[in-house]
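Visitor: I have a structure open before me and would like to learn how to read its features one at a time. Where shall we begin?

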Amino acid sequence: MTNALVLAGGGVAGIAWELGVLRGLADADPTLADRVIAADLVVGTSAGSAVAAQITSGVALDDLYAAQLRPETAEIEVDVDTEKLFAEYAAVLTGATGPEDARRRLGGLALAAQTVDPAARLAAIDARLPVKQWPDRRLLLPAVDAETGDEAIFTRESGVTLGDAVAASCAVPGIWPPVTIGDRRYVDGGVRSMTNADLAAGADRVLIIQPTLADTPQPWGDLDAEIAALAPAAVHVISADQASVDAFGTNALSPATRAASARAGRAVGATHAAAVAALWD
């Protein structure tokens, strides 16, 4: 029996919240989070890619969670008007002929946008990683080629540094600069899907952690379809509750959301511990 852990996108708030969820599992069952973290496969998208890199680093979950509560951070504060950003997305997607064309259009938006200096962004990503090398684990980090719209699923066999893979998976179009790897430029794996749970196909048991309300439609991707593609696997989804969404606020990319989001995730994780234990064991 093989287990897979899927960590979805959700900004800086999502990183803190997902770590909080895992910490909440440990509150209810001291060994449960360790067993989840030891999954045979970990899929991390955008914020989830940072969490995946952290929890597979060998650093204790308590330490990773505690770091989210501290005000000191290397994260870059960015003022995002979410409504305006998604209006821009909708405008460039008008007339898209399919998912690949949609990804290519969003990549074009990202390539044309004025953002922070790429070196500063890479430094912020590097600070998220307690260990800079890929773990000796099955870790999948999705991104999208900004020019072609092709998906890229980075692994330790890809010949890409862990920092570049995480940065690419986290490169929100229009907010963060596309990440140059070789002669290609990449944007956020969430452009393919905010969850990318279909990448866990073949696992017998799949836990999906997503920092959105359960009934919130994804801007890209379809979680219901992805779960159907996992059949006959047993699947459990941990979604945010309203208290968590309130903690995220109107700008989930702001580092000011970290502490409240981590605590909200911890409360959610504790409520799902029994269901997760039943799935995992």
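Guide: Let us begin with burial, for which one cut-off is needed: a residue counts as buried when its relative accessible area is under 20%, and as exposed when that value is over 50%. Please keep in mind throughout that this is a predicted model. With that cut-off, helix α8, which spans residues 162-169, reads as mostly covered, since 7 of its 8 residues are buried.

Visitor: Which residues of α8 are buried?

Guide: In α8 the buried residues are Leu162, Gly163, Ala165, Val166, Ala167, Ala168 and Ser169. For the chain as a whole, 54% of the 281 residues count as buried.

Visitor: What does the radius of gyration of the chain say when it is set beside that of a compact globule?

Guide: A compact globule of 281 residues would have a radius of gyration near 19 Å, and the 17 Å of this chain agrees with that expectation. Taken along the principal axes, the C-alpha atoms fill a box of roughly 50 × 45 × 35 Å. The chain contains 11 helices and 8 strands, and of the contacts between residues at least 6 apart in sequence, 79% join residues at least 24 apart.

Visitor: How should I read a pair of packed helices?

Guide: Two packed helices are described by the angle between their axes and by the distance between those axes. Here, helix α1 (residues 11-28) and helix α11 (residues 258-280) pack at an angle of about 40°, with their axes 5 Å apart. The two helices are therefore oblique to each other, and their crossing is right-handed. Among the residues that make the contact are Ala13, Trp17, Gly20 and Gly24 of α1, together with Ala262, Gly265, Gly269 and His272 of α11. By class, the residues of this contact divide into 13 nonpolar, 6 polar and 4 charged.

Visitor: At what angle do α5 and α6 cross, and how close do their axes come?

Guide: The axes of helix α5 (residues 82-93) and helix α6 (residues 99-112) come within 9 Å and cross at roughly 125°. That angle makes α5 oblique to α6, and α5 passes α6 in a right-handed crossing. The contact is made by Glu88, Tyr89, Val92 and Leu93 of α5 and by Ala102, Arg105, Leu106 and Leu109 of α6. This contact has 6 nonpolar residues, no polar ones and 2 charged ones.

Visitor: What should I look for in the backbone itself?

Guide: Most residues other than glycine have a negative phi, and most peptide bonds are trans. In this model Ser46, although not a glycine, has a positive phi of about 55°; Ser46 sits in the loop between β2 and α3 and, at 7% relative accessibility, counts as buried. Asn196 also has a positive phi, near 55°. As for the peptide bonds, a cis bond joins Ala231 and Pro232, with omega about 10°, and Pro232 is placed in the loop between α9 and β8.

Visitor: Where does Asn196 lie, and which residues is it in contact with, leaving aside neighbours within four places in sequence?

Guide: Asn196 lies in the loop between β6 and β7 and is buried, with a relative accessible area of 0%. With those neighbours left aside, Asn196 is in contact with Val43, Thr45, Pro142, Gly189 and Glu226. The C-alpha atoms of Asn196 and Leu7 are 8.7 Å apart, although 189 residues separate the two in sequence.

Conventions
Residues numbered from 1 in each chain as written. Predicted model: local features only at pLDDT ≥ 70, side-chain atom pairs only at ≥ 80, totals over all residues. Heavy atoms only, no water. Axes fitted to C-alpha atoms, helices over the stretch in contact; angles between N-to-C directions. Helix = DSSP H or I, 4+ residues; strand = E, 2+ residues; numbered from the N terminus. Parallel < 35°, antiparallel > 145°, perpendicular 65-115°, else oblique. Left-handed = near helix turned anticlockwise from the far one by under 90°. Contact = heavy atoms within 4.5 Å. Nonpolar A, V, L, I, M, F, W, Y, C, P; charged D, E, K, R; others polar. Buried < 20%, exposed > 50% of the residue type's maximum accessible area, 1.4 Å probe, protein only. Rg over C-alpha atoms; globule rule 2.2 N^0.38 Å.
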